[in-house]
Amino acid sequence: MVCWQSVSVWSVAGRVEMTVSKFMAIQKALQPDWFQCLSDGEVSCKEATSIKRVRKSVDRSLLFLDNCLRLQEESEVLQKSVIIGVIEGGDVMEERLRSARETAKRPVGGFLLDGFQGNPTTLEARLRLLSSVTAELPEDKPRLISGVSRPDEVLECIERGVDLFESFFPYQVTERGCALTFSFDYQPNPEETLLQQNGTQEEIKCMDQIKKIETTGCNQEITSFEINLKEKKYQEDFNPLVRGCSCYCCKNHTRAYIHHLLVTNELLAGVLLMMHNFEHYFGFFHYIREALKSDKLAQLKELIHRQAS
Amino acid sequence: MAGAATQASLESAPRIMRLVAECSRSRARAGELWLPHGTVATPVFMPVGTQATMKGITTEQLDALGCRICLGNTYHLGLRPGPELIQKANGLHGFMNWPHNLLTDSGGFQMVSLVSLSEVTEEGVRFRSPYDGNETLLSPEKSVQIQNALDSSYSPVSAFQAAGNTGSDIIMQLDDVVSSTVTGPRVEEAMYRSIRWLDRCIAAHQRPDKQNLFAIIQGGLDADLRATCLEEMTKRDVPGFAIGGLSGGESKSQFWRMVALSTSRLPKDKPRYLMGVGYATDLVVCVALGCDMFDCVFPTRTARFGSALVPTGNLQLRKKVFEKDFGPIDPECTCPTCQKHSRAFLHALLHSDNTAALHHLTVHNIAYQLQLMSAVRTSIVEKRFPDFVRDFMGAMYGDPTLCPTWATDALASVGITLG
């Protein structure tokens, strides 16, 4: 719930009315390196929004930004912290452009593109919007996006000028008892390619339908970037999660062991899976950076797309 | 079933214990266990990793804490994932990737803890599985067979294969366990049956050279029954003895007397394993009474309830009083949790929606138990164990004289006074 003075959020402690001064007081205590500015992102939570409401979200967000910047200037302790300006505007091109241009006029350290979260289809519809927004932003400041974390979506956004992403995708994969196994080595040696291909064929054959898994109250679908360690076929699989992975889990344990931990509801399952999923995901980003440096992003994108369901 | 020891069992079992020091007043001993996966200093506390994992912490973390022996459970592992799979995985050591020693319990205790799902006959224990409703019979032979199979190099066909992994280093006999609160003829029946089952376990044991089979003394809280059990079981030349059937709901006064009786009749040159103990005070007292090995789920379980073990007792870190306490759990503790995190941070974590705090507390509580045993051992070696006991009780109860009566009595019985 948002008004001109505050953004209200509901927490374990009840309703918290976040005014600019309260928000900045928290930043003073936390002393972060970067912080995302308070903004009105309610538009992305609602289905049908009027242009009037979208316009308001842009205006309010700019007002919050100006107030936060003023308070930052007055605070010695926040001099080292960098404010990230938030770009709103829903699905209205005109408002998105206005938000981008106006935010870019302020002395922010970077930009967060809000309102692009959703599912793969909703992102696809917003890709043109995304390109237009980043085109308005200065080249020398980082662009962050919230709510986008899947490998295929990440690449689409990178192509359109985004630099930083949240890593909740590997976390979600862990929560549903799965391990990331997608390949991102777009220049593997021929032997490895053959082995990987044979491996992937098997995985794809067995994935006739995408299964819905209920984890912690939310329905999340297993993607084709991962394997489900709860499946019976891993009971006697003494391979590591991913051959060649140097994470603690792959160096020390087998798929069979992880399967056992999941079946017996042991806490260690999540610990080991999280270690692997982060390492795998960060490895992917390393390859993205390499691909960009050597102008091979297209190959990487093709490899990822082949594996996307 | 014949109760007499067989010729095979009278042959010399491996002497796995070397005594390094003995307290001149009490029965406390410091020693070394020489096991297939390395030496273990005693007295020792063995953390319990029931299902081939130590609740939430990695084997690397456990190793870094100095743990050199921990427990797995035959009943649970026998059901999931099952002995065949574990064999294929290079034994229990290979399956969980633990390079040090393992002790597997026989499944006997589950007869008490899962009593509604079990039925005891001379043949064995019939369990109804809580997972799929299937019935399994856990006989002495089956229990030993499972524990043998947790060793990768064992199989009936490949008896001549060079020994690779040696499986759990200490295995326990299947005993007929009754709750310590049970009285009457059932206790006597269970005691005699345990002796018969010991002989059956010894006969069924295929790997005496690689896995050490321990007997478990029963007899409940009846001194005569216990004495009989001790006399009979010590005729069997097993590498070690456990004191079982205690640490249930019995009074501490009865508990210590049975422990003292047991240690007084057990051979000095073999390890004494007191099962299911426990709390810090109990550990110190029972070392004084002559025990060498202990296991208990308490430290790991209490961690998962947000309780941190300290020399003065425990800290319930969920409580508001720790909200702004920026010191470590214990400034003297060398564990990673105390090196890196404050009580305030752990308090906040305990009120969040993730399990991080539980892992940190599990690490600390295991460290506490291991450090306590290490300090006990050093004091025995340095010939100052009675002073150590007094200091320990002082820290725990404010004054040594405020220590619980049962502990005072138990210590007095072996020559340690607290006043």
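Contact here means heavy atoms within 4.5 Å. This is a predicted model, where local features need pLDDT of at least 70, side-chain atom pairs count only at pLDDT 80 or more, and totals for chains, interfaces and linings use all residues. Residues are numbered from 1 along each chain as its sequence is written, chains are lettered from A and ligands numbered from 1 in the order in which they are written, and side-chain values use heavy atoms, leaving out hydrogens and water. Chain A and chain B bury about 1700 Å² between them, and the whole structure holds 51 salt bridges over all chains.

**Chain A overall**

- Chain A has 11 helices and 10 strands. Both are DSSP runs numbered from the N terminus: helices are H or I with at least four residues, strands are E with at least two.
- Of the 309 residues in chain A, 48% are buried. Buried means under 20% relative accessible area, exposed means over 50%, and partly exposed lies in between (1.4 Å probe, protein chains only).
- Among contacts in chain A with a separation of 6 or more, 65% join residues 24 or more positions apart.

**Interface between chains A and B**

- Chain A gives 18 residues to the contact, and chain B gives 21.
- A:His260, A:Glu266 and A:Leu267 supply 32% of the area that chain A buries against chain B, more than any other three residues.
- Carbon and sulfur atoms carry 62% of the area buried between the chains. Buried area is the accessible area (1.4 Å probe) that two parts lose on being put together, summed over both.
- The interface has 2 salt bridges. A salt bridge is a side-chain nitrogen of Lys or Arg within 4 Å of a carboxyl oxygen of Asp or Glu.
- A:Glu236 forms a salt bridge with B:Lys88, with the closest N and O atoms 2.9 Å apart.

**Salt bridges within chains**

- A:Glu95 pairs with A:Arg55 at 3.6 Å between the closest N and O atoms. The two sit 40 residues apart, A:Glu95 in helix α3 (residues 93-105) and A:Arg55 in helix α2 (residues 51-73) of chain A.
- A:Glu95 is buried at 3% relative accessible area, whereas A:Arg55 is partly exposed at 39%.
- A:Arg101 forms a salt bridge with A:Glu136, the closest N and O atoms being 2.8 Å apart. This pair spans 35 residues, from helix α3 to the loop between α4 (120-135) and β6 (143-145) of chain A.
- A:Arg101 is partly exposed at 41% relative accessibility. A:Glu136 is partly exposed too, with a relative accessible area of 27%.
- A:Lys293 bridges to A:Glu290 with the closest N and O atoms 3.3 Å apart. They are 3 residues apart in helix α10 (residues 268-293) of chain A, so about one helical turn separates them.
- A:Lys293 is exposed at 66% relative accessible area, while A:Glu290 is partly exposed at 33%.
- In chain B, salt bridges with shared partners join B:Glu122, B:Asp176, B:Arg186, B:Glu189, B:Arg193 and B:Arg196 into one network.

**Covered helices of chain B**

- Helix α7 (residues 140-149) of chain B is mostly covered, with 7 of its 10 residues buried. Among them are B:Val144, B:Ile146 and B:Ala149.
- The buried residues of α7(B) pack against α3 (74-79), α4 (83-88), β6 (101-105), β9 (135-138), β10 (170-172) and α8 (185-204) of chain B.
- Helix α14 (residues 343-350) of chain B has 6 of its 8 residues buried, so the rest of the structure largely encloses it.
- The buried set in α14(B) includes B:Arg343, B:His347 and B:Leu350. Their cover includes β16 (313-316), α13 (336-340) and α15 (356-381) of chain B.

**Cavity and pocket**

- The structure holds 1 cavity of 30 Å³ or more. On a 1 Å grid over the protein atoms alone, a cavity is a set of points where a 1.4 Å probe fits but cannot get out; a pocket is an open set with protein on both sides within 12 Å along at least five of seven lines; lining residues have an atom within 4 Å of a point.
- The largest cavity has a volume of about 40 Å³. Grid points are joined across faces, edges and corners, and a volume is the space filled by probe spheres set on the points.
- The lining of the largest cavity includes B:Asp176, B:Val178 and B:Met191.
- The second largest pocket holds about 1200 Å³. Of its 47 lining residues, the closest to its centre are B:Phe109, B:Gly276, B:Asp295, B:Cys296 and B:Val297.
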